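Thank you all for coming; I would like to walk you through one model this morning.

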Amino acid sequence: MMKFGYGFGAIGFGSVYYFMATYHVVFLTNCVGFNATIASTISSVALIIEAVAGMVVGNVSDRCNSKFGRRRPFMLASTIKILPIMFFVLRKIEAPGYFQIAYYLAFAILFRVFFS
């Protein structure tokens, strides 16, 4: 029972992150109309940038001396921004090809950076 209670807190984190990790490529191919190469490249670039940003944000949060704690200001800033970012990530836009790629790449990067 104790393991269930401990793992229960990860449901919110996992549901949002893994939904985006799996559905984002499907959304880009089926709804937006990108081919699989472009959709997977967008997700891969965002994932690589998340890995670098995670190290940077982790280092900055380790050195943070806020009165709210080391991690809480970063979590609060992330929760405020993640909902509008998800709205724009999962929104289909009608624009020229390169602008669409840049749009979805930018918001995929923002989602992953703010989620890390």
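This is a predicted model: local features need pLDDT of at least 70, side-chain atom pairs count only at pLDDT 80 or more; totals for chains, interfaces and linings use all residues.

R71 sits in the loop between α3 and α4, and, leaving out residues up to four places away in sequence, R71 touches S61 and D62, a contact being heavy atoms within 4.5 Å. Between R71 and K81 there are 16 Å in space, C-alpha to C-alpha, for a separation of 10 residues in sequence.

Residues are numbered from 1 along each chain as its sequence is written, and side-chain values use heavy atoms, with hydrogens and water left out. The mean pLDDT, which is the predictor's confidence in each residue on a scale from 0 to 100, is 85 for the protein, and 96% of the residues reach 70 or more. Among the elements, helix α1 (residues 2-8) has the lowest mean pLDDT, 69, whereas α5 has the highest, 91.

Now to the overall architecture. The protein has 5 helices and 0 strands, helices being DSSP runs of H or I with at least four residues, strands being runs of E with at least two, and both being numbered from the N terminus. Along the sequence the pattern reads α-α-α-α-α, and the C-alpha trace spans about 45 × 35 × 20 Å along its principal axes. Of the 116 residues, 27% are buried, and of the contacts with a separation of 6 or more, 61% are between residues 24 or more positions apart. The protein exposes about 7,800 Å², of which carbon and sulfur atoms supply 71%; accessible areas come from the Shrake-Rupley method with a 1.4 Å probe, and for residues only the protein chains shown count as cover.

Let me turn to helix α3, residues 36-62. The 27 residues of α3 should span 39 Å at 1.5 Å a residue, and the end C-alpha atoms are 38 Å apart, which agrees; the expected span is 1.5 Å times one less than the number of residues. Its buried residues are A39, I42, S43, A46, E50, A53 and S61, and they pack against α2, α4 and α5. What makes S43 count as buried? S43 has a relative accessible area of 14%, and therefore it is buried. Leaving aside neighbours within four places in sequence, S43 is in contact with H24, V25 and R112.

That last residue brings us to helix α5, residues 97-115, whose 19 residues reach 27 Å from the first C-alpha to the last, close to the 27 Å expected. The buried residues of α5, including Y103, F107 and R112, pack against α2 (10-32), α3 and α4 (72-89).

How many salt bridges does the structure hold? There are 2, counting a side-chain nitrogen of Lys or Arg within 4 Å of a carboxyl oxygen of Asp or Glu. In one of them the side chains of R112 and E50 meet at 3.2 Å, N to O, and this pair links distant parts of the chain, with R112 in helix α5 and E50 in helix α3, 62 residues apart. Both R112 and E50 are buried. In another, E94 pairs with K92, the closest N and O atoms being 3.1 Å apart; here E94 is exposed at 67% relative accessibility, while K92 is partly exposed at 43%.

Finally, the surface. V52, M55, V56, V60 and F74 form a nonpolar patch with about 450 Å² of accessible area together. Patches are made of residues with over 30% relative accessible area and no salt bridge, like charges being joined within 9 Å and nonpolar side chains (Val, Leu, Ile, Met, Phe, Trp, Tyr) within 5 Å. Helix α3 gives the largest share of the patch, 4 residues. V60, which lies in helix α3, counts as partly exposed because its relative accessibility is 44%.

Notes
Buried means under 20% relative accessible area, exposed over 50%, partly exposed in between (1.4 Å probe, protein chains only).
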